[in-house]
Amino acid sequence: MPPEPNDVRPFPALDEVDRAILTELAADGRLPNNALAERVGVAPSTCLTRTRALRERGAIRGFHAEVDPAALGLPLQALVSVRLTAHERAAVDAFRARSVRLPGVVSVFHVAGAEDYVLHVRAASGDALRDFVLDHLAVDPVVQHTQTSLIFEQARGMG
């Protein structure tokens with residue numbers, strides 16, 4: 001079974017071919033196996049076996065389509081920083097488990113610094129974003145403070 005997304009245990013060593021497969025798939029997750037095999041210089045059967053093994057080991061967490069949020073009716077994006085009142089493991093774990101299930105939450109980041117979490121949120125409007133914060137975060141007894149930053153533009157990096 002693949003590790004949890006934020007599992008920080010040491011990752012088994014990857015060889016040059018495994019890293020090449022990961023690099024190519026990170027750039028284009030829809031790359032057909034034959035093309036992937038050619039790019040990394042191995043036989044298609046070897047490439048397929050290695051790709052499956054990388055998925056089983058958790059090196060490949062999944063594949064997704066990058067969809068324009070406006071096409072989903074959620075053109076507004078924000079980063080909502082959250083400071084918790086309690087830092088006991090149970091409270092922190094419970095907040096994380098709740099927050100990833102909230103409507104409009106794209107990603108949840110547990111961070112170091114003044115804030116404990118940053119939530120990447122999509123919303124239909126400014127009013128919907130305000131309602132999200134008031135209805136889901138401000139009423140949570142473990143949430144001490146929130147700060148919302150609107151995202152004007154998002155550009156995906158190469159990493």
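Thr51 is located in helix 3 (residues 44-57), where helices (H or I, at least four residues) and strands (E, at least two) are DSSP runs numbered from the N terminus. The model is predicted: local features need pLDDT of at least 70, side-chain atom pairs count only at pLDDT 80 or more, and totals for chains, interfaces and linings use all residues. Residues are numbered from 1 along each chain as its sequence is written, and side-chain values use heavy atoms, with hydrogens and water left out.

**Thr51 and its surroundings**

- Thr51 counts as buried because its relative accessibility is 12%; buried means under 20% relative accessible area, exposed over 50%, and partly exposed in between (1.4 Å probe, protein chains only).
- Neighbours within four places in sequence aside, Thr51 is in contact with Ile21, Leu25, Leu36 and Ile60, contact meaning heavy atoms within 4.5 Å.
- Between the C-alpha atoms of Thr51 and Ala20 the separation is 11 Å, and these residues are 31 residues apart along the chain.

**Nonpolar cores**

- The largest nonpolar core has 21 residues; such a core is a set of buried Ala, Val, Leu, Ile, Met, Phe, Trp, Tyr and Cys residues joined through side-chain atoms within 4.5 Å.
- Val82, Leu84, Phe95, Tyr117, Leu119, Phe132 and Leu137 have the most contacts inside this core.
- Two or more residues each come from strand 1 (76-84), helix 4, strand 2, strand 3 and helix 5 (126-137).
- Another core, of 10 residues, lies apart from the largest one and includes Ile21, Leu36, Val40 and Cys47.
- Beyond its neighbours within four places in sequence, Val82 has contacts that include Phe95, Tyr117, Leu119 and Leu137.

**Aromatic pair**

- One aromatic pair is found in the whole structure; rings of Phe, Tyr and Trp (its six-membered ring) pair if their centres lie within 6.5 Å, with planes under 30 degrees apart counted as stacked, over 60 as edge-to-face and the rest as tilted.
- Phe95 and Tyr117 form this tilted pair, at 5.0 Å centre to centre and 55 degrees between the planes.
- Phe95 belongs to helix 4 (residues 89-99) and Tyr117 to strand 3, so the pair ties together parts that are 22 residues apart in sequence.
- Both Phe95 and Tyr117 are buried.
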